[in-house]
Amino acid sequence: MDRSDILAQADEVLAHFSPAPGTAKSYVLRTSSGTTGAPIVLPIEKALNPILIKWFGDDMPTLVCYGARGTRMYNLLGMSKIAEGRKRVLVLDNKNISPGIARLIDDFAPECIVGFPSFILKVSEHFSHVARAVVRELHVAGEMLTPAVLKIFSTTFPNARVASTYVCSEAGSIAFSCSHLPPNQYHPKFDVSIVIESPDDEGIGEIVLSAQANGIQFSGYHPGDLGRLHNVACPCGKSLALEVLGRRGHDFIKLLGATLRREEFDRAISLFANLIDDYRVEASTVADGEVLRGRIFLKTHTNGLLPSPALQQEFAARFAAEVFVTPTRTIAGLVAEGVLLPLEVEFSSEPFAQKHKDIKLQQIS
Amino acid sequence: MKDSKKHPFQPFVDEIRAHPTDFYRARWGNVREFASLPLVGRADFIQTPLSQRRYKPGGLVKVVGAAEGVFLSGSDFADIGREAFGVVSQRPMVAFDDAHEAMEKAMWCYEHDTVPLLAEKDPRVALYMAGKYSVDSLVTDAASLEALFPHLVERKTKLSCISIVASAFFPETLARFMPYAERIRLVLALPETGAFAESEMSESPVFKPLPDCHIEILEGEMVLTKSRLLVTPIVRYKTGIRA
């Protein structure tokens with residue numbers, strides 16, 4: 001089952017979508033980003049499962065830090081419903097993140113923050129020490145919890161417990177973290193079936209899920225992540241843990257709001273065909289003090305002699321200025337904004353080892 | 001007989017004065033008559049943290065980015081539902097440039113038991129979404145409406161209503177949208193006050209105050225009072241709108 005099957009089902013569901021009277025608050029219309037094809041508009045049913053009720057059923061003032069408005073609405077609506085209006089919720093927008101926000105954060109004094117780790121870290125730069133100490137809960141989703149991220153979380157929000165959810169934009173919540181499991185490991189929801197496709201010697205392969213969600217039958221669906229399953233005897237009573245290892249990296253990688261697309265790298269590399277024969281990209285996040293920055297490491301195989309240091313430097317500058325990682329900005333642009341570290345390039349005359357899967361883009365922790 | 005001389009909002013003023021939160025009490029001092037109460041405005045909201053002008057718990061908190069400065073504004077979910085932002089329909093679309101305004105108006109739809117299509121910021125995605133959901137009404141601002149124009153042109157049927165929520169309107173630029181909706185409502189509102197007057201779209205709109213809203217014109221400026229207890233009540237609030 002691939003994305004086009006989901007798109008066809010979603011269109012059908014949307015065409016006939018007519019919630020019963022009194023149930024509107026159970027649904028949010030969400031649009032997937034369209035990173036891997038046409039966007040999907042889908043009514044997501046906000047199921048009030050016990051974990052979400054436990055997480056959001058309190059009165060803690062909560063800051064929501066997600067990018068897409070549909071995702072923000074999904075969280076706001078869930079919180080308003082679960083907490084029956086008792087909860088104060090501030091849904092932050094990217095454009096609010098400026099020095100002026102510090103005074104407002106002090107005023108709002110969130111005890112819980114939910115969102116993308118990278119968004120939370122960006123906002124946290126504007127938290128006073130008092131506001132940081134007040135935060136007790138961080139509920140994150142959508143990105144890997146790398147050691148760098150966890151390190152900054154622990155120093156920035158010393159009193160906060162971190163919980164995370166593994167989500168798929170079309171199917172919703174797939175699995176929840178547990179205080180007994182290490183980071184990036186989750187207990188799958190009881191109604192979600194997960195298998196690992198073509199696992200390697202270490203059991204790592206592509207995550208494939210089956211579930212009935214939002215009126216769609218997800219049968220053998222590939223959300224695009226690598227992972228492995230662990231049989232565990234968790235004190236919480238669960239016996240299965242899914243370890244998520246990041247995007248499969250075949251086509252694109254998300255990095256701090258930027259999207260590294262294979263086709264864009266292929267295009268840019270083709271401009272240097274007289275110099276570069278093949279390439280691999282490693283993307284990661286690194287802690288730079290209390291700020292998280294993206295690191296892109298381009299490994300190249302030259303088709304002749306290794307270029308001189310001056311030419312290598314020139315190539316790196318031109319390549320960074322050529323590759324778009326948002327609709328309007330290049331690697332060089334985001335380096336200038338401090339989102340990314342300067343592009344690192346390695347030249348080698350040795351061809352890359354040919355593996356079972358030709359993975360050009362890879363996210364590493 | 002003495003009561004008959006009281007302003008209709010006097011009991012509301014007394015209720016606010018008796019509230020533990022002293023934002024208004026501190027400003028009003030010994031003045032008790034509604035018509036004599038000192039005016040408040042954005043400067044007061046900017047200077048005073050929301051936590052010190054909160055008269056009700058819970059709800060949505062917005063960041064209001066005004067020319068005068070940035071401040072927080074709170075709304076109880078039920079109060080959002082009582083606003084006159086839109087007209088209830090089966091498949092409303094909410095499209096605002098400001099994300100906070102968009103969330104609030106989407107919550108308005110939910111309070112009326114309808115599932116809104118909340119437009120994403122990217123106009124291309126918003127257009128795509130509008131076509132997919134077959135929207136039947138719009139709650140929007142002028143800038144977002146402009147971005148949705150190609151969708152309106154492509155539609156085979158008129159929208160039941162377009163509600164434009166703003167603090168100023170330019171009928172000459174909005175006239176081009178009239179063929180695409182059964183009616184166009186102009187809803188006068190500020191982010192921190194909610195809606196307070198409305199008019200049907202025309203060459204020279206005539207705004208009528210909404211229920212529970214009392215508008216005074218003082219030195220050419222609209223001064224607003226809303227007679228419902230809001231998270232931060234609006235009592236003799238200088239809107240900055242000339243009238």
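A: The account below begins with the interface as a whole and then turns to individual pairs.

The model is predicted, and side-chain atom pairs are considered only at pLDDT 80 or more. In this model, 43 residues of chain A are in contact with 41 residues of chain B. The area buried between chain A and chain B is about 3,500 Å², and carbon and sulfur atoms give 61% of that area. Three residues, A:Leu29, A:Arg69 and A:Asp107, supply 21% of the area that chain A buries against chain B, more than any other three residues.

On the side of chain A that touches chain B, at least two residues each come from helix H1 (3-15), strand S1 (27-31), helix H3 (69-82), strand S4 (88-91) and helix H4 (101-108). H3(A) gives the largest share of this side, with seven residues. By residue class, the side of chain A that touches chain B divides into 24 nonpolar, eight polar and 11 charged residues.

Strand pairing links the chains as well. S4(A) is joined by three bridges to strand S1 (residues 59-66) of chain B, and the two strands run parallel. Within this pairing, A:Leu90 stands opposite B:Val61 in S1(B).

The structure holds 39 salt bridges over all chains, and three salt bridges are found across the interface of chain A and chain B. One salt bridge is formed by the side chains of B:Lys132 and A:Asp11, with an N to O distance of 2.7 Å. Another salt bridge is that of A:Lys25 with B:Glu111, whose closest N and O atoms are 2.9 Å apart. This pair joins two chains, because A:Lys25 lies in the loop between H1 and S1 of chain A and B:Glu111 lies in helix H5 (residues 99-111) of chain B. A:Lys25 counts as partly exposed because its relative accessibility is 27%. B:Glu111 likewise counts as partly exposed, at 26% relative accessibility.

Within chain A, the side chains of A:Arg136 and A:Glu111 meet in a salt bridge of 2.5 Å, N to O. A:Arg136 lies in the loop between helix H6 (129-134) and strand S6 (137-141), while A:Glu111 lies in the loop between H4 and strand S5 (112-115), so the pair ties together parts of chain A that are 25 residues apart in sequence. A:Arg136 is partly exposed, with a relative accessibility of 44%. A:Glu111 is also partly exposed, with a relative accessible area of 22%.

Chain B has charged pairs of its own. B:Glu104 forms a salt bridge with B:Lys105, the closest N and O atoms being 2.8 Å apart, and both B:Glu104 and B:Lys105 are buried. The side chain of B:Glu104 also makes a polar contact of 3.5 Å with that of B:Ser75. B:Ser75 lies in strand S2 (residues 69-75) of chain B and counts as buried because its relative accessibility, 13%, is under the 20% cut-off. Beyond its neighbours within four places in sequence, B:Ser75 is in contact with B:Gly58, B:Gly59, B:Leu60, B:Ile80, B:Glu104 and B:Val231. Elsewhere in chain B, a network of salt bridges links B:Lys56, B:Asp79, B:Arg82, B:Glu83, B:Asp212, B:Lys226 and B:Arg228.

Note on methods:
Residues are numbered from 1 along each chain as its sequence is written. Chains are lettered from A and ligands numbered from 1 in the order in which they are written. This is a predicted model: local features need pLDDT of at least 70, side-chain atom pairs count only at pLDDT 80 or more; totals for chains, interfaces and linings use all residues. Side-chain values use heavy atoms; hydrogens and water are left out. Helices (H or I, at least four residues) and strands (E, at least two) are DSSP runs, numbered from the N terminus. Buried means under 20% relative accessible area, exposed over 50%, partly exposed in between (1.4 Å probe, protein chains only). A polar contact is a pair of N or O atoms within 3.5 Å; within protein, one must be able to donate a hydrogen and the other to accept it, and residues adjacent in sequence count only if both atoms are side-chain atoms. Contact means heavy atoms within 4.5 Å. Buried area is the accessible area (1.4 Å probe) that two parts lose on being put together, summed over both. A salt bridge is a side-chain nitrogen of Lys or Arg within 4 Å of a carboxyl oxygen of Asp or Glu. Ala, Val, Leu, Ile, Met, Phe, Trp, Tyr, Cys and Pro count as nonpolar, Asp, Glu, Lys and Arg as charged, and the others, Gly among them, as polar. Two strands pair if DSSP finds at least two bridges between them.
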